[in-house]
Each structure stands twice: as structure tokens, then as C-alpha cells.
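Subject: Structure handover

Hello,

Here is the structure I promised to pass on. Please open it and keep it beside you while you read my notes.

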Amino acid sequence: MERLMDEDLERMTREELIEEAKRLRQGIREHRDCSGHDLCWHHPALWGLLPDKSDPVPVVPEWPEFIRGCIKYRQSLDEQAPKAPRSDEPYDE
């Protein structure tokens, strides 16, 4: 199935492939460079970089499970990035 989804790459010129790689890298960088409260957001723009268009509706956990997941994610940041700067900046809509 993966091969069928990526057939468009085989028809691209070298220049088109380079432009596609740059576009994808920029999207990945935008996602990677999220910080602070932006880490908590759903990022459909990242999936929108794919040529196969799909708009999946996420399965959203109920609040208690969602909060447990947020806590686990935040704990993983302590483990994986213990020296990362910390902030007490409030969430600002």
C-alpha cells in the first residue's frame, strides 16, 4: 500500500524532488520547534504535507484519561530533556 501512495515521487524531476524535500523539512521543523503550550496542540498542518489527502478525526480520550496522558507526556519531557528551560508562563489564548 505504501508503494501506491508514493508513486508520485517516481514521476517527479530531480528539481521537483528537491523542492518537495525542502517543503517537507520545513513542515517538520515547524512541528519540531514547537515549545511551551504549543506542545499540547493537535497539528493537522503536519499531516497536510502529504499528497494523499485525508482528514482523519482523532479519537479523543475522555478528560481523566486525557489528563493522565498529558501528565505522562510532561514526565517524559523531564526524563528526555531534563536540562530544557522551564517556564511558568500562563496559557494565553
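Arg23 is partly exposed, at 36% relative accessibility. Its salt-bridge partner is Glu20, and the closest N and O atoms of the two are 2.9 Å apart. Glu20 is buried: its relative accessible area is 15%, and the cut-off for buried is under 20%. Why do Glu20 and Arg23 lie about one helical turn apart? Because they are three residues apart in helix H3, which covers residues 14-32. Keep in mind that this is a predicted model.

In general, side chains of opposite charge can pair when their charged atoms come close. The count for this model is six salt bridges.

Now go to helix H5, residues 63-80. Glu65 and Arg68 are three residues apart there, so about one helical turn separates them. They form a salt bridge, with the closest N and O atoms 2.4 Å apart. Are these two residues buried, exposed or in between? Glu65 is partly exposed at 45% relative accessibility. Arg68 is partly exposed too, at 46%. There is also a network: salt bridges that share partners join Arg74, Asp78 and Arg86.

Arg32 forms a salt bridge with Asp33, and their closest N and O atoms are 2.7 Å apart. Arg32 is exposed, at 54% relative accessibility.

Next, the whole chain. How many helices and strands does the protein chain have? It has five helices and zero strands. Along the sequence the pattern reads α-α-α-α-α. The radius of gyration is 18 Å, well over the 12 Å that the globule rule gives for 93 residues, so the chain is more spread out than a compact globule. The C-alpha trace spans about 50 × 30 × 30 Å along its principal axes. Buried residues make up 8% of the 93 residues. The chain exposes about 8900 Å², and carbon and sulfur atoms supply 58% of that area.

The largest pocket has a volume of about 1100 Å³.

Best wishes

Conventions:
Residues numbered from 1 in each chain as written. Predicted model: local features only at pLDDT ≥ 70, side-chain atom pairs only at ≥ 80, totals over all residues. Heavy atoms only, no water. Salt bridge = Lys/Arg side-chain N within 4 Å of Asp/Glu carboxyl O. Helix = DSSP H or I, 4+ residues; strand = E, 2+ residues; numbered from the N terminus. Buried < 20%, exposed > 50% of the residue type's maximum accessible area, 1.4 Å probe, protein only. 1 Å grid on protein atoms, 1.4 Å probe; cavity = no way out; pocket = protein on both sides within 12 Å on 5 of 7 lines; lining within 4 Å. Points joined across faces, edges and corners; volume = space filled by probe spheres on them. Rg over C-alpha atoms; globule rule 2.2 N^0.38 Å. Areas by Shrake-Rupley, 256 points an atom, 1.4 Å probe, with all protein chains shown as cover.
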